[in-house]
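Please keep the sequence and the model in view while reading.

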Amino acid sequence: MVYINDWDAFFHESEKLYLEHPAHTRYTLKYRHTDGKVVLKVTNDRVCLQFVTDQATDLKRIERLNNLFFTYMCGQDPHDSEADAADAGSRGDRPVSQEESGTSKKRRGKR
Amino acid sequence: TPSMVQLDADGFLTQLTRMLEKSREKGAVCLTMKRYAGKEAKKGGAVDSADCRCLVRAVHGNTKYSTLIAAKDHRRFMKSYANIMKVSLDSLKKKEKRRAEKKKTGVAA
């Protein structure tokens with residue numbers, strides 16, 4: 001049971017653990033309204049990573065982690081679809097989208 | 001003992017919202033995500049990413065819901081899920097405005 005204080009380290013280690021053990025790694029989020037706390041856990045039942053927060057500012061970060069796992073766990077690569085997923089956030093435009101369909105249309109916005 | 005109820009994505013999101021509402025007074029909601037790669041993969045067979053689903057579970061006390069999300073639905077699901085979280089996880093501490101510091105430094109140039 002390891003509590004990681006640094007968000008970036010927790011995010012990085014969690015992604016790494018999943019990529020090494022995609023079949024056995026699960027991600028849990030526990031929220032107790034009365035405590036005002038969120039406890040995140042990423043584990044493959046051998047390694048267990050945890051992150052605790054009571055800060056509302058961490059919600060955006062947690063959303064990113066949620067999205068990372070949703071994408072991985074349904075068989076997609078979040079780093080491929082980052083350009084599309086970015087419209088859910090507000091990070092501006094990243095013209096790095098790669099379409100794998102036969103008819104590859106490169107959309108260049110005309111001003 | 002009450003058992004897991006599996007729902008489609010929209011049904012799950014509706015029940016999740018209700019669950020978070022109900023849990024404001026007491027208890028905790030536990031959300032779990034795990035990859036489900038199909039029956040063949042469970043037996044140790046090869047994993048086809050097309051068969052992968054994201055299994056999502058929501059538990060509060062004896063109430064348990066689950067759903068399986070496929071790649072084609074995951075973006076829509078992610079957005080709805082994020083909105084529900086934003087609204088429901090509202091007992092976390094907001095950022096404190098540093099009024100004391102501002103007063104110390106006096107008038108900004």
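Does Lys16(A) count as buried, partly exposed or exposed, and at what relative accessibility? In this predicted model, Lys16(A) has 39% relative accessibility and therefore counts as partly exposed. Its partner in a salt bridge is Glu13(A), at 3.9 Å from N to O. Glu13(A) is likewise partly exposed, because its relative accessibility is 28%. Both residues belong to helix H1 (residues 7–20) of chain A, where three residues, about one turn of the helix, separate them.

Another salt bridge joins Lys93(B) to Asp54(A), with 3.0 Å between the closest N and O atoms. This pair crosses between chains, linking the loop between H3 and helix H4 (99–105) of chain B to the loop between E4 and helix H2 (59–73) of chain A. Lys93(B) is partly exposed at 49%, and Asp54(A) is partly exposed at 23%. Over all chains, the whole structure holds nine salt bridges.

The strands form an open sheet of eight with mixed pairing, in the order E1(A)-E4(A)-E3(A)-E2(A)-E2(B)-E3(B)-E4(B)-E1(B). Its edges are strand E1 (2–3) of chain A and strand E1 (5–6) of chain B, each pairing on one side only. E1(A) runs parallel to strand E4 (residues 48–53) of chain A, over two bridges, and Tyr3(A) stands opposite Gln50(A) in E4(A).

Technical notes
Residues are numbered from 1 along each chain as its sequence is written. Chains are lettered from A and ligands numbered from 1 in the order in which they are written. This is a predicted model: local features need pLDDT of at least 70, side-chain atom pairs count only at pLDDT 80 or more; totals for chains, interfaces and linings use all residues. Side-chain values use heavy atoms; hydrogens and water are left out. Two strands pair if DSSP finds at least two bridges between them. Helices (H or I, at least four residues) and strands (E, at least two) are DSSP runs, numbered from the N terminus. A salt bridge is a side-chain nitrogen of Lys or Arg within 4 Å of a carboxyl oxygen of Asp or Glu. Buried means under 20% relative accessible area, exposed over 50%, partly exposed in between (1.4 Å probe, protein chains only).
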